[in-house]
Amino acid sequence: AEDIELSELALHPRVGGPKNLPILERYLDDEDSEIGKLCLTKPHLVILGSGWGAVAVLKNINPNDYHITVISPQNHFLFTPMLPSATVGTLEFRSLVEPIRRIVAKVHGHYLEASAEKVVFSERLIEVCQSNPSGGELRFYVPYDKLVVAVGSQSNTHGVEGLEHCNFLKTIEDARKIRRKVVRNLELACLPGTTEAERNRLLSFVVCGGGPTGVEFAAELYDLLNEDLTMVYPKVLRNLVSVHIVQSQGHILNTYDEKISTYAQERFKKDSIDVLTNARVSEVLEDRVVFTQKDQEGVIHTKELPYGLCLWSTGVAQCEISKDIVASLESQKNRRAIETDTHLRVIGAPLGEVYAIGDCSTVRTNITEHIVEFLRSYAIKSNKPVEDCSLTFQQWRDIAMNIKRRFPQAGEHLKRVDHLFTEYDTNKSGTLDFDELTHLLQDIDGKMTSLPATAQRAHQQGQYIGRKLTNLARAETLAMTVNGDVDDLVYRPFEYHHLGSLAYVGNAAVFDINGYSFVGGLVAMYLWRSVYFAQSVSFRTRALLFMDWLTRGMFGRDMTQI
Ligand code: FAD
């Protein structure tokens, strides 16, 4: 009965929208406080998600300008880069999370622990579903004036069957499940009734996917086995443990510089971590992974690997709400993410009302536009119209380097231009004119849509939206008087600045920063730790991280199954 009363108080009696659901227009405390009353007079900003993108918006927006509501099923922000460390007890779960309410309170906003399921663009309503502990659910609409979609992504299944037997690594709960399973398998392997074959299976850890998450998990597991296992478990167990990485490409960490992936691979070989490259998982059974692998002659063999724990970490796919948004807007062309323009506005939604950031989104860009921009600067220097400009190979390399910095994923495409350039070079005295270059680039255009799905990108986009929304609030009167593109008038388009990538590979770390790569042992590992320590979301989490590293250094990892 109390729940119903609360709902009635919180929900405005008005019902509406396509499904005739209650519309949440007032919150419990709105009328109780001065701030609450003031909020009601401001534009309503709704943010979907409590991850990297959402938190960066909250930390960069002026709290006085909007009445803010955050909707997310996850009531905390998770510092994902260190999640692999929590799977083996190097770090504790609490050290990686910050309650979202602490962050929301700083902007005098509201938080709803619920999932957004649909956006009704025509009526500016979000359909929200809130599950009750008793098993039922409550559906209602939340109205918005501005909406930021930052719902992240989910694991990509690639259509492989049997993934219900796998573990994933995206949430704190996933890390907890892995940690329990690792310890449980070690305990089961020690029981006198366990057969040798069963023991080998229990102690076989298979990682599907050789990207940073899979690699870091394998490295953390390796550290656990070497640093703690032999201290508390029978020594004989160590030799029975095996760690395998199944990677579909020719190298692990294949989005990093080649030097880095070679280093990581050699390091793993030395550490007896079995890296299976050119291997594609076809099915996961209850106790073994089935995969095909190409040998050096190109012949494909089907193989099997028994496992006690199988981690599935093969990239990201769209969440249900993102799929729904894409399907409901005709102008959306990309089936893998919500497309935005360079102001991060969702393409096809009413202009200036809906933004999408982070893993759930992709910026539709035009590489030719960017190149023309750079060409213009050359043209100005050489005092010629851009159409009359020609480039030497070296000038092209400078431009390409600049584009790669903004769009790291452009590397592969740009290599093709390099190749074509070299072909031209042999025919035509080493220069390429603007028309020819545009012609070469036509084919590449359109493929240049996705930025990397990283915390770095989500954070930069969140910062951008936070600052832009602040400027937009100031420009309210401008919006009334100007018919043009207000977003464009108040703020520059979003530009991604790739600051580099790093990964932990077991008492060593690898860095790929602006095209320069570093690899190294303990010093690099401490550098890796300090980068993330500095980026950690609050002083509280920093203090907890410090305590975890200290405790582990003094007493080893916690291997209890709690
Ligand atoms: P997220 O941070 O995933 O947040 C999405 C939020 O939306 C969550 O709060 C979720 O609960 C919420 N949500 C989901 N569905 C709904 C819905 N229907 N309604 C409302 N809310 C919803 N990146 C790096 O740059 N460096 C790294 O070292 C790194 N390591 C990683 C390690 C791991 C184990 C993982 C899993 C990821 C790692 N990443 C790393 C990637 C990085 O975490 C993501 O790119 C980043 O989290 C994306 O931010 P986001 O805000 O788009 O999404």
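Student: How much of the protein counts as buried?
Tutor: Of its 562 residues, 50% count as buried. Buried means under 20% relative accessible area, with a 1.4 Å probe and protein chains only. This is a predicted model: local features need pLDDT of at least 70, side-chain atom pairs count only at pLDDT 80 or more, and totals for chains, interfaces and linings use all residues. Residues are numbered from 1 along each chain as its sequence is written, and side-chain values use heavy atoms, leaving out hydrogens and water.
Student: What does the accessible surface come to?
Tutor: About 26,900 Å², and 53% of that belongs to carbon and sulfur atoms. The method is Shrake-Rupley with a 1.4 Å probe.
Student: How many helices and strands are there?
Tutor: There are 20 helices and 28 strands. Both are DSSP runs, numbered from the N terminus: helices are H or I with at least four residues, strands are E with at least two.
Student: OK, new topic. Is strand E14 mostly covered or uncovered?
Tutor: Mostly covered. E14 spans residues 242-246, and four of its five residues are buried.
Student: Which strands are joined to E14?
Tutor: Strand E13, residues 204-208, runs parallel to E14 and is joined to it by five bridges. Strand E15, residues 273-276, is also parallel to E14, with four bridges. Two strands pair if DSSP finds at least two bridges between them.
Student: Which residue in E14 is the bridge partner of Val207?
Tutor: Ile245. In turn, Ile245 has Val275 as its bridge partner in E15.
Student: And what do E14, helix H10 and E15 make?
Tutor: A right-handed β-α-β unit, with H10 covering residues 258-270. Right-handed means that, with the strands pointing away from the viewer, the path from the first strand over the helix to the second runs clockwise.
Student: How many bridges pair E4 with E7?
Tutor: Three, in the parallel sense, with E4 at residues 67-71. Ile71 has Leu112 in E7 as its bridge partner.
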